Amino acid sequence: MALKDIEVTGKNDTRSGFGAGLLELGDTNPNVVGLCADLTGSLKMDAFQKKYPERFFQTGIAEANMIGIAAGLTIGGKIPFAATFANFATGRVYDQIRQSVAYSDKNVKICASHAGLTLGEDGATHQILEDLGLMKMLPGMVVINPCDYNQTKAATLAIAEHVGPVYLRFGRPKVPIFTPANQKFEIGKAWTINEGTDVTIFATGHLVWKAVEAAQQLEAEGLSVELINIHTIKPLDEEAILTSVAKTRCAVSAEEHNYLGGLGESIAGLLARKNPCPLEMVAVNDTFGESGTPEQLMTKYGIDTADVYAAAKRAIARK
Amino acid sequence: MAAVAELKDIASQVRRDIVRMVHAVQSGHPGGSLGCADYFVALYFNTLRHNPEFNMDGKGEDLFFLSNGHISPVWYSVLARSGYFPVPELGTFRHLDSRLQGHPTTKEHLPGVRVASGSLGQGLSVAIGAAEAKKLNGDDKLVYTLHGDGELQEGQIWEAAMYAAHNKIDNLISAVDCNDAQIDGKVENILSLGNLRAKWEAFGWSVLETNGNEIEELLSALNEAKSLTGQGKPIIILMKTTMGKGVDFMEDGHKWHGIAPSDEQLAQALSQLKETLGDY
């Protein structure tokens, strides 16, 4: 794969990738069940609910109870996909996830839409920018933030095969589809989109497309950019990160999250422990969001293409 | 099925185990454990159709979830005395590297425990999930839970109560340890629960009431509860108990919620409790 090979095949929301993956799991894995707290349409679970009503649990606006029921369903051998908005799927129910799911090592898949700023106009009450940090701090929790429709669908299928708790984070806006259809998703395995030698950009979620755009601009200026998609925040693909920075000697992290607790912080910790080098973080600067269009918000809060581009320039200058 | 006299003997031994465990490590929760000993003995030695050859999925057997995990001493004693793990292991309660953690956990793979509890209010939801799985699996066995009365102050309990009634979770028999005691005082004074029977009935549950310290009455309530299963409603048993039951100086309100007896107090307590199955 290289930047020049990237082909945009369409545009869709990552939540629809989750819905499509869940429906396919309904067909292929009889143990998969779905739970939702009054946001079935927003989570794109309607098709699963319609086709498998006996395997779908509507909990009403009661997220704590939903997490507990999901934990209990695993005891009968079920694989529950419990889904709601990211804010209500993490912060609101942190203790339920901590005790009944993570500490109890239950095979629950917590699936969260409308993560980050890009849910847009609803504003900061719903724009959680702390969820990756909350979830990655839980021992045993796998944390995944896919970047487009195809990758989200593939991740949804993959986490059903993984035994143990998983946090799968996706979003609301329609974004370019540029990863292969029917790809094999490997949990914990970084995906190198482009090889290069001057700087490494590590991107996750909606920032991967922004990083593609930034890398294209940088390469047009003659720079050699290594672009790596870290779709799994935890377990972190340490080998891929260390191998890349050994070559490029500087890095950028890019994510739709507070810089505290996110992917950048995980990478910073790894580099500090194993192989220090300059790291610039493209992330939200420890603040809440606000109402606006996704595009306006990404620009205002410093997580747009131009921010990735500028961060790469800064990282290179610090070498 | 064990005779009532035999169950009473077991309960006496379980009470000895509780005070000895808490005394040995000088921490733990003896009051609620003693108050619930009769319920646990009635449940595990009479009512539950269960298999001490522990299997996490519990398919084809009744399941029990302890939601108020701090009364772990009584559960550990009853599990050990039922054959889930060796009785001498009770001596490791709250020790480093023990499977008998302060609050129950699956982390150390202690047979009999299916979910961690301690942070209150979560067990009913988990039990409902397990009950839903039984329905999906065509498994006609039942799910039991126990809660403290103070625990009912947690909002999640009422989320779960609504869900269970709406979704006709009629393979679930919950119980509440109504001892009117919580850490800071009497439940009545801290945050009163009002008319608990009326509350649960309003939430759509079948409600039974019993004396939770009389084995015969407990057996009768549990049997009645079983007869009500499969009728479209979840069932709850409100059990009136005395915190610290069986040790006279511990039958004193909330004081013995979470403190350990001294050497002298242990001797005094043991003098009131017949050793029937042999101390661990």
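User: Which residues in α1(B) meet which residues in α4(B)?

Analyst: This is a predicted model, in which local features need pLDDT of at least 70, side-chain atom pairs count only at pLDDT 80 or more, and totals for chains, interfaces and linings use all residues. Residues are numbered from 1 along each chain as its sequence is written, while chains are lettered from A and ligands numbered from 1 in the order in which they are written. From α1(B), B:Ile10, B:Gln13, B:Val14, B:Asp17, B:Ile18, B:Met21 and B:Val22 meet B:Pro73, B:Val74, B:Ser77, B:Val78 and B:Arg81 of α4(B). Residues are in contact if their C-beta atoms, placed from the backbone, lie within 7 Å. Helices (H or I, at least four residues) and strands (E, at least two) are DSSP runs, numbered from the N terminus. The residues of this contact divide into 8 nonpolar, 2 polar and 2 charged. Here Ala, Val, Leu, Ile, Met, Phe, Trp, Tyr, Cys and Pro count as nonpolar, Asp, Glu, Lys and Arg as charged, and the others, Gly among them, as polar.

User: Why are α1(B) and α4(B) called oblique to each other?

Analyst: Helix α1 (residues 4–25) and helix α4 (residues 72–82) of chain B pack at about 125 degrees, with axes 9 Å apart. Axes are lines fitted to C-alpha atoms, for helices over the stretch in contact, and angles run from 0 to 180 degrees between N-to-C directions. Angles under 35 degrees count as roughly parallel, over 145 as roughly antiparallel, 65 to 115 as roughly perpendicular and the rest as oblique. The pair α1(B) and α4(B) is therefore oblique.

User: What is the handedness of the crossing of α1(B) and α4(B)?

Analyst: The crossing is right-handed. A crossing is left-handed if the near helix is turned anticlockwise from the far one by less than a right angle, and right-handed if clockwise.

User: Why are α3(B) and α9(B) also described as oblique?

Analyst: The axes of helix α3 (residues 37–47) and helix α9 (residues 215–228) of chain B come within 10 Å and cross at roughly 55 degrees. These helices are therefore oblique to each other. Their crossing is right-handed. Among the residues that meet are B:Ala42 and B:Leu43 in α3(B), and B:Leu218 and B:Leu222 in α9(B). By class, this contact has 7 nonpolar, 2 polar and 1 charged residues.

User: What makes β1 and β4 of chain B edge strands?

Analyst: The open sheet of 5 strands has the order β1-β2-β3-β5-β4 (chain B), with parallel pairing. Strands β1 (63–66) and β4 (206–211) of chain B each pair on one side only. Two strands pair if DSSP finds at least two bridges between them. β1(B) and β2 (residues 143–148) of chain B have 4 bridges, and B:Phe64 has B:Tyr144 in β2(B) as its bridge partner.

User: Into which domains is chain A divided?

Analyst: Chain A has domain 1 (10–177) and domain 2 (191–317), with bounds from an automatic or database domain assignment. Their centres, taken over C-alpha atoms, are separated by 25 Å. The contact takes 27 residues from domain 1 and 30 residues from domain 2 of chain A.

User: How many residues of chain A are in contact with chain B?

Analyst: In chain A, 23 residues are in contact with 28 residues of chain B. The largest share of the chain A side, 9 residues, comes from α3(A).

Definitions and conventions:
Contact = placed C-beta atoms within 7 Å.
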